Amino acid sequence: MYHRIFDIENRLDEAMFLFGGRQTGKSTLLKERFPKAVYFDLLNYELRNRFKQNPELFRESLLRYPPQTLVIVDEIQKVPDLLEEVHWLMVNKGLWFILSGSSARKIRKSGANNLGGRAIPETLYPLVSAEIPDFDLDRAVQNGMIPRHYMVANARNRMKGYIELYLKEEIIEEALVQNVDDFVRFMEVAAIMDGEILNYENVAGDCEVSANTVKAYYKILTDTLLGFEVPAYRKVIKRKLYKSPRFYFFDVGIANYLTKRHHLASKTPEYGHAFEHLVMQEIVAYLGYSGCDEELSYWHTYEDLEVDAVIGDARVAIEIKSTEKVDHDHKKDLPRSIPRPNRFLCPVTA
């Protein structure tokens, strides 16, 4: 059992959408932190079917509870019509809700009630190092930080099942793409390009589909929370910058599996690439959990000056290297690139 650092209790006010990738631990967290809440698990086929056919049954089951009773609906995207009932119960009965799910796409595409802006969106990320006693860096770099994957020595079979479940429940059942084989090939190419500046034309050439199709595929990955984009730093300065975002799978273990990086050895380029991805995960989670409203971006000039992570208006610049010793070459881009930030390097003995 890991103690998650997300202080969800202090974030809750009337209603919350809790999103997060599959198996990040949303259900476990909610049951642990809110043991007295009224709980509906829409993974239960019978319950899901009943509410799909008669959403009003959901309202009827909750009418007897007093105001500020907390109701948790897990996997809300499976029956988005329930959001109409949730809204009514909030307004007329004063009930509080946490609505969790692994896909914002289904809710948005359904045109479902967004609760009039009453529900605050929050995200549960994969594990971070601060949540793991005796944190094992090499295991994290190889397996990633999805709890079920990190906890075993070899997570390859679990990752295989994870990807197959994602394809089955998100892609095939929802008919999000016309050709699943093309999408699988795209995922493999996207993993190879993980952390690189997005170039839809190049990816399209490797996948033998159109650039517009590739753009739509990336949107599916972000909407279903399997990946995230880091935008380019936008402040107007003298240097000419790349403007396209970078894309990362939401967990480095997924990228490793798709690229067949099964035995990463320290001091290799592959290890360094995976390590950079892992640190980016930690930064994204830190910004999310801290409530920081500063944007994460990256910096890359056409002269190939580069900073991996820039926080806010260049308040913090982070260059990520897997190395035993920090030398001048590792730091050379920081002073010349970002004007007057707090500059940090993240070295590691590996």
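Which residues form one aromatic cluster? Phe 183, Phe 186, Tyr 200, Tyr 217, Tyr 218, Phe 247 and Phe 249 do.

Some ground rules. This is a predicted model, where local features need pLDDT of at least 70, side-chain atom pairs count only at pLDDT 80 or more, and totals for chains, interfaces and linings use all residues. Residues are numbered from 1 along each chain as its sequence is written, and side-chain values use heavy atoms, with hydrogens and water left out.

Now the rings. The whole structure holds 18 aromatic pairs; rings of Phe, Tyr and Trp (its six-membered ring) pair if their centres lie within 6.5 Å, with planes under 30 degrees apart counted as stacked, over 60 as edge-to-face and the rest as tilted.

Tyr 125 and Tyr 289 have ring centres 5.3 Å apart and planes at 70°, so this pair is edge-to-face. The pair links distant parts of the chain, 164 residues apart: Tyr 125 is in the loop between β5 and α7 (137-143), and Tyr 289 is in helix α14. Helices (H or I, at least four residues) and strands (E, at least two) are DSSP runs, numbered from the N terminus. Tyr 125 is buried, at a relative accessible area of 18%, and Tyr 289 is buried at 8%. Buried means under 20% relative accessible area, exposed over 50%, partly exposed in between (1.4 Å probe, protein chains only).
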